[in-house]
Amino acid sequence: MVTKQFSGTSDDADLRRADSLAREIFSDVANKWALLIIEALGERTLRFSELRDEVEGISHKMLTQNLRMLERNGLAERKVHPTVPPRVEYKLTQPGLALRATVDLMCGWTHQYFSHIETARRSFDT
């Protein structure tokens with residue numbers, strides 16, 4: 001994976017620019033699995049298997065990739081307990097918790113407009 005290096009210019013924070021670091025970050029976190037993992041973690045600490053159970057339909061590989069991405073971006077932290085077998089736990093960092101507030105708003109929006117969207121889809125598909 002090639003990562004743009006932060007140069008300290010305002011271009012790096014411009015989501016409209018294809019080559020901006022901000023767009024890369026946005027692309028990382030604005031996917032359904034990342035959002036569902038953030039929502040599932042909430043303010044809790046969960047083991048990998050608990051997270052997999054919470055996020056129905058996610059594969060082992062996809063959960064691993066998204067947890068690594070969240071950790072790489074400083075949104076989640078991973079703690080390995082020296083047991084046999086090793087126990088690995090995940091929790092959101094402060095920036096991750098701040099992003100969770102936005103995810104919670106998106107979940108609320110989904111619930112609020114669910115019936116409207118469902119009606120629009122039925123109308124569109126006929």
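This is a predicted model: local features need pLDDT of at least 70, side-chain atom pairs count only at pLDDT 80 or more; totals for chains, interfaces and linings use all residues.
**Entry 1: helix α2**

I began with α2, which spans residues 32-41. Which of its residues are buried? I found Trp-33, Ala-34, Ile-37, Ile-38, Ala-40 and Leu-41. They lie on the same side of α2, because the arc they cover around the axis is only 165 degrees.

Next I looked up what covers these buried residues. The cover includes the helices α1 (21-29), α3 (48-54), α4 (60-72) and α5, together with the strands β1 (46-47) and β3.

Then I checked both ends of the helix. At its start, Asn-31 places a side-chain oxygen within 2.9 Å of the backbone nitrogen of Trp-33, and Trp-33 is itself one of the buried residues. Just after α2 comes Gly-42, with a positive phi of about 50 degrees.

**Entry 2: the largest pocket**

I stayed with α2 for this one, as the helix turns up again here. The largest pocket holds about 240 Å³ of space. Which elements give two or more residues to its lining? They are α2 and α5, and α5 has the largest share with six residues.

I noted the lining residues by name: Lys-32, Leu-35, Leu-36, Glu-39, Val-103, Met-106, Cys-107, Trp-109, Thr-110 and His-111. By class they are six nonpolar, two polar and two charged.

**Entry 3: the second largest pocket**

On to the next pocket, whose volume is about 200 Å³. I counted 13 lining residues, and those nearest the centre are Phe-48, Thr-64, Arg-78, Val-88 and Tyr-90. At least two lining residues come from each of α3, α4 and β3. Which element gives the most? That is α4, with five residues. The lining has five charged, five nonpolar and three polar residues.

**Entry 4: Thr-93**

My last stop was Thr-93, in the loop that joins β3 (87-92) to α5 (94-125). Is Thr-93 buried or exposed? It counts as buried, because its relative accessibility is 15% and the cut-off for buried is under 20%.

I then asked what Thr-93 touches. Beyond its neighbours within four places in sequence, its contacts are Gly-74, Leu-75, Ala-76 and Glu-77.

Terms used:
Residues are numbered from 1 along each chain as its sequence is written. Side-chain values use heavy atoms; hydrogens and water are left out. Helices (H or I, at least four residues) and strands (E, at least two) are DSSP runs, numbered from the N terminus. Buried means under 20% relative accessible area, exposed over 50%, partly exposed in between (1.4 Å probe, protein chains only). Contact means heavy atoms within 4.5 Å. The arc is that of the directions from the helix axis to the C-beta atoms. A polar contact is a pair of N or O atoms within 3.5 Å; within protein, one must be able to donate a hydrogen and the other to accept it, and residues adjacent in sequence count only if both atoms are side-chain atoms. On a 1 Å grid over the protein atoms alone, a cavity is a set of points where a 1.4 Å probe fits but cannot get out, and a pocket is an open set with protein on both sides within 12 Å along at least five of seven lines; lining residues have an atom within 4 Å of a point. Grid points are joined across faces, edges and corners, and a volume is the space filled by probe spheres set on the points. Ala, Val, Leu, Ile, Met, Phe, Trp, Tyr, Cys and Pro count as nonpolar, Asp, Glu, Lys and Arg as charged, and the others, Gly among them, as polar.
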